[in-house]
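We will walk from one pair to the next.

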Amino acid sequence: MTRRNGYALLAALAAVVVLISAAIYVGVSGDARDDDLRAGPRTPQGSAAPASSGTWVGTWSSSPAAAEPRTEDGYAGRSIRNVVHTSVGGTSARITLSNLYGRTPLSITHASIALAAAPNNPSAAAGTLRRLSFGGNHSVVVEPGGQVVSDPVRLRVPHDADLLVTTFSPTPSGPVTYHPHARQISYVADGDRVSDLRGDAYTQQSPYWRYLAAVDVLSREAEGAVVVLGDSLTDGVSATMGANSRWTDVLSDRLRDEQGAPRYSVLNQGISGNRILSDGLGRPADNPSGLSRFERDALSRTGVKAVVIALGVNDILRNPQQTSSDKVLDGLRELTRQAHARGLRVIGATLMPFGGHRGYTPELDQVRRQVNDEIRSGRVFDAVVDFDRALRDPYAPEKLRAPYDSGDHLHPSDEGFKKMAYAFNLATLRGSVPAEL
């Protein structure tokens, strides 16, 4: 071989290497297309650790609250399209599915995530549907009492936007793990419609979230998350359906928009009827107590930096009524201790008035006031948000002010939720953790 021919051969080989490298780069860095979702089993594009930089944080989460009634066979042969609202944006996403209340394995053979084409809509925005995998497989089995986290997919997730998370299970499995007071309409369709861009097949509306426990994003706009452990006042049971007007939603807006605010997402771990000390019925218990669910629902959330605790009213109001303020306070201090053991700052909320509610008695209100006095003393939490002072009627402090009352004299109106969010001094969410209170 002549020297000239040798140079020509080397140049040709170099060109081939460049072409192959370019093809690999395009295959790895390009976003998955909707066509890719219908491909056979393989490691999907974008499922490996994303190349973009950022911090993994929760953008949305919800506490598994109970076993859905009359779902012993689950939703076999049906697609569940959960609609959830983001707190912060990111460049990649992953989900957590829970079978906490299931008594049989939950088989998911197809799952996807997409941006909604419009608010409160089951149709996906063009070019955003991504098929999800779990450990490189498109199907996954979630054991009874367990949960699974999906592989990340590249998806530009905006803040303050609706996401569609869809799952399909071909076989009976139940009862279904759900969150009953979503204040958000989700959807159900017959058959495997996970890859449907259009929402036409999703003819059944649902006020619940099923199986889905969390959505995380790889974010460059957030440095962490604040998790709120609460009851119906946090769950937003009286908030306008689909309006994202819970106080945690408004707090999220403030953290994003106000100069100098900590760049945290807000994760709502409220369960209606929740108490600090007492579980509901069943094994595992429906409506698990704040103490029993704190590790799972708050301390283990992705990127958590601070915890807000807004519990105690139901311990006083619901049977068996807790008439000892010391026991309520002991429970709150135990939550603070556990958070401190993880290096997390704790902000505690005073208990709002419930005068006029059917459960009100002067004796129970006195227990509430005693709890609030101790919270304000600084001997329970690292910092305090005073919901009681912000929403009570100055002329009848045992009651909510009329504009802030939804009408049942316990749960706030949308205006009341807004007032709660603006009661926060945002600076208290960031800071060191005292060695001892």
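This is a predicted model: local features need pLDDT of at least 70, side-chain atom pairs count only at pLDDT 80 or more; totals for chains, interfaces and linings use all residues.

Residues are numbered from 1 along each chain as its sequence is written, and side-chain values use heavy atoms, with hydrogens and water left out.

Side chains of opposite charge can pair when their charged atoms come close. Here, a salt bridge means a side-chain nitrogen of Lys or Arg within 4 Å of a carboxyl oxygen of Asp or Glu. By that rule, the count is 25.

**Stop one: Arg376 and Asp373.** Select both residues in helix 7 (residues 362–376), where they sit three residues apart, about one turn of the helix. Helices (H or I, at least four residues) and strands (E, at least two) are DSSP runs, numbered from the N terminus.

Is Asp373 buried or exposed? Asp373 is exposed, at 52% relative accessibility, while Arg376 is partly exposed at 27%. Buried means under 20% relative accessible area, exposed over 50%, and partly exposed in between (1.4 Å probe, protein chains only).

**Stop two: Asp386.** Asp386 lies in the loop between strand 21 (383–385) and helix 8 (387–391) and Arg376 in helix 7, so the pair ties together parts 10 residues apart in sequence.

**Stop three: Arg392 and Asp388.** Their closest N and O atoms are 3.0 Å apart, in another salt bridge. Asp388 is buried, at 3%.
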